[in-house]
Structure formats: C-alpha cells, structure tokens
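This report describes a single protein chain, moving from its overall layout to individual residues. The sequence and coordinates are shown here for reference.

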Amino acid sequence: MNYCPNCGEKLVDTIIDNKQVKECKKCKYIDWDNWVYLAGVVVAFNNKGEFLMVKLHDQGKITFPGGYRDIGETVEEAAIREFYEETGNKIKDIELYKTYTSDKIRLVWVVYKAKIEEVTFQENDEVSEILFVSKNNPIDSKLLRGSLTERLYQDILKEL
Ligand SMILES: [Zn+2]
C-alpha cells in the first residue's frame, strides 16, 4: 500500500526489526505487509481410522474439506460450515490440530481433527466425490491440490 489507511499521508520505506516496512510519519501507522487469508480445514476420521478427502470438479484434484473464514465467524465455525457445505455431513469431537502457512498465496490453514459417523454424500457444485483414505488406500500424490494439501496429507499419513 502507498498511502496511510488512517490518515491518507504517503507511506515511506523504513526498516523496523530488520524488516522492510512502510510507515506513516504523521500518525505512526505501519504497513507490515504480512496479511494473510485464513481458512478452516478439517481432517475427519471415520470409525475405521480412515480420513475423508474431497475430489473437486476443478481438474479432479483432491484436497481436504475447508474454506475461508467469513467475517463474524470463528475459524472453527468456518471449518464446520465448509465441511458441511462440501460434504453434507456434520462432524463431532472437533479439536485444533496444526496450522500451515503459504506466503506465496498468503494463506494460513487452521486445521482441525474431527470424527464423522453415518456418512452420506451427494455431488455438489464444488465436490464430485468423497474419499476415505488410509495407509492401505492412499491418494496418488499427483492428484493432491497444492502445497498445503500435500504437507497436511503427509503429516496425517505419518501419524496413522
Ligand atoms: Zn497515517
């Protein structure tokens, strides 16, 4: 950004804590240039210890259910909502797992683990199929959508 969002003054390049930032000399606003989008993501396990992934209409790529947090909801609420929108199923025993960050796409995934029972599925705008994945039934890594999916997938597989 070039102008201060508080007072409209032109921002100037400055070094703070060894970082190149932009500062407003008038009101001291600092543009840290570190904003990220937040998404809530769910790894849901069935009672056989398999976890659920979604196959997207978009190029048949496979990822975990989840999506961007809307203003006014918590990240956990976003994860639950997105899981429901993409799979039609409710989750229980939700707990925080890990976060994953991509600077390239300015995105942080806040990942939850959860349980799922009595799964039903109907194809929808976003998802063509749901898959239950295990060590014996892995995903072709070429089909994983993007680096965050790959990292989370590897971490979950390691723990099985
Ligand atoms: Zn200012």
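Two residues are taken to be in contact if their C-beta atoms, placed from the backbone, lie within 7 Å. The coordinates discussed below are those of a predicted model.

## Overall layout

The secondary structure of the protein comprises two helices and 10 strands, and from the N terminus the elements follow the order β-β-β-β-β-β-β-α-β-β-β-α. The domain assignment divides the protein into domain 1 (1–34) and domain 2 (37–159), and the C-alpha centres of domain 1 and domain 2 are 37 Å apart.

The radius of gyration of the protein is 20 Å, whereas a compact globule of 160 residues would have a value near 15 Å. Along the principal axes, the C-alpha atoms occupy a box of roughly 60 × 30 × 30 Å. Buried residues account for 25% of the 160 residues, and among the contacts with a separation of 6 or more, 54% are between residues 24 or more positions apart.

An open sheet of three strands is arranged in the order 1-2-3 with antiparallel pairing, and its edge strands, strand 1 (12–16) and strand 3 (30–31), each pair on one side only. Strand 1 is joined to strand 2 by five bridges in the antiparallel sense, with Ile16 standing opposite Lys19 of strand 2. The hairpin formed by strand 1 and strand 2 has two residues between the strands, and in this hairpin Asp17 adopts a positive phi near 50 degrees.

Strand 2 (residues 19–23) also pairs with strand 3, again in the antiparallel sense and over two bridges; Glu23 has Ile30 of strand 3 as its bridge partner. Strand 1 lies largely in the open, because the number of buried residues among its five is zero.

Helix 1 (residues 75–87) contains 13 residues and spans 18 Å from its first C-alpha to its last, close to the 18 Å expected at 1.5 Å a residue. Its buried residues are Val75, Ala78, Ala79, Ile80, Glu82, Phe83, Glu86 and Thr87, and these pack against strand 4 (37–45), strand 5 (51–56), strand 7 (66–68), strand 8 (92–102), strand 9 (107–115) and strand 10 (127–133). Just after helix 1, Gly88 takes a positive phi of about 75 degrees.

The largest nonpolar core has 29 residues, and those with the most contacts inside it are Val41, Val42, Ala44, Ala79, Ile91 and Val111. Two or more residues of this core are given by each of strand 4, strand 5, helix 1, strand 9, strand 10 and helix 2 (146–159). When neighbours within four places in sequence are set aside, Val41 is in contact with Phe64, Gly66, Ala79, Trp109, Val110 and Val111.

Leaving out neighbours within four places in sequence, the contacts of Val133 are Glu50, Phe51, Met53, Pro138 and Ile139. Although Val133 and Glu123 are 10 residues apart along the chain, their C-alpha atoms are separated by 18 Å.

Asp93, in strand 8, counts as exposed because it has 11 C-beta neighbours inside 10 Å. Beyond residues up to four places away in sequence, Asp93 touches Ala114 and Lys115. The C-alpha atoms of Asp93 and Ala44 are 9.6 Å apart in space, while the two residues are 49 residues apart in sequence.

## Positive phi in two loops

Most residues other than glycine have a negative phi. Against this background, Gln59 has a positive phi of about 60 degrees although it is not a glycine. Gln59 lies in the loop between strand 5 and strand 6 (62–63), and it is exposed because 8 other C-beta atoms are found within 10 Å.

Arg106, also a residue other than glycine, has a positive phi near 50 degrees. Arg106 belongs to the loop between strand 8 and strand 9, and with 11 C-beta neighbours inside 10 Å, Arg106 therefore counts as exposed.

Definitions and conventions: Residues are numbered from 1 along each chain as its sequence is written. This is a predicted model: local features need pLDDT of at least 70, side-chain atom pairs count only at pLDDT 80 or more; totals for chains, interfaces and linings use all residues. Helices (H or I, at least four residues) and strands (E, at least two) are DSSP runs, numbered from the N terminus. The expected span of a helix is 1.5 Å times one less than its number of residues. A residue is buried if 20 or more other C-beta atoms lie within 10 Å of its own, exposed if 12 or fewer, and partly exposed in between; C-beta atoms are placed from the backbone. Domain bounds come from an automatic or database domain assignment. A nonpolar core is a set of buried Ala, Val, Leu, Ile, Met, Phe, Trp, Tyr and Cys residues joined through C-beta atoms within 7 Å. Two strands pair if DSSP finds at least two bridges between them. The radius of gyration is taken over C-alpha atoms; the globule rule is 2.2 Å times the number of residues to the power 0.38.
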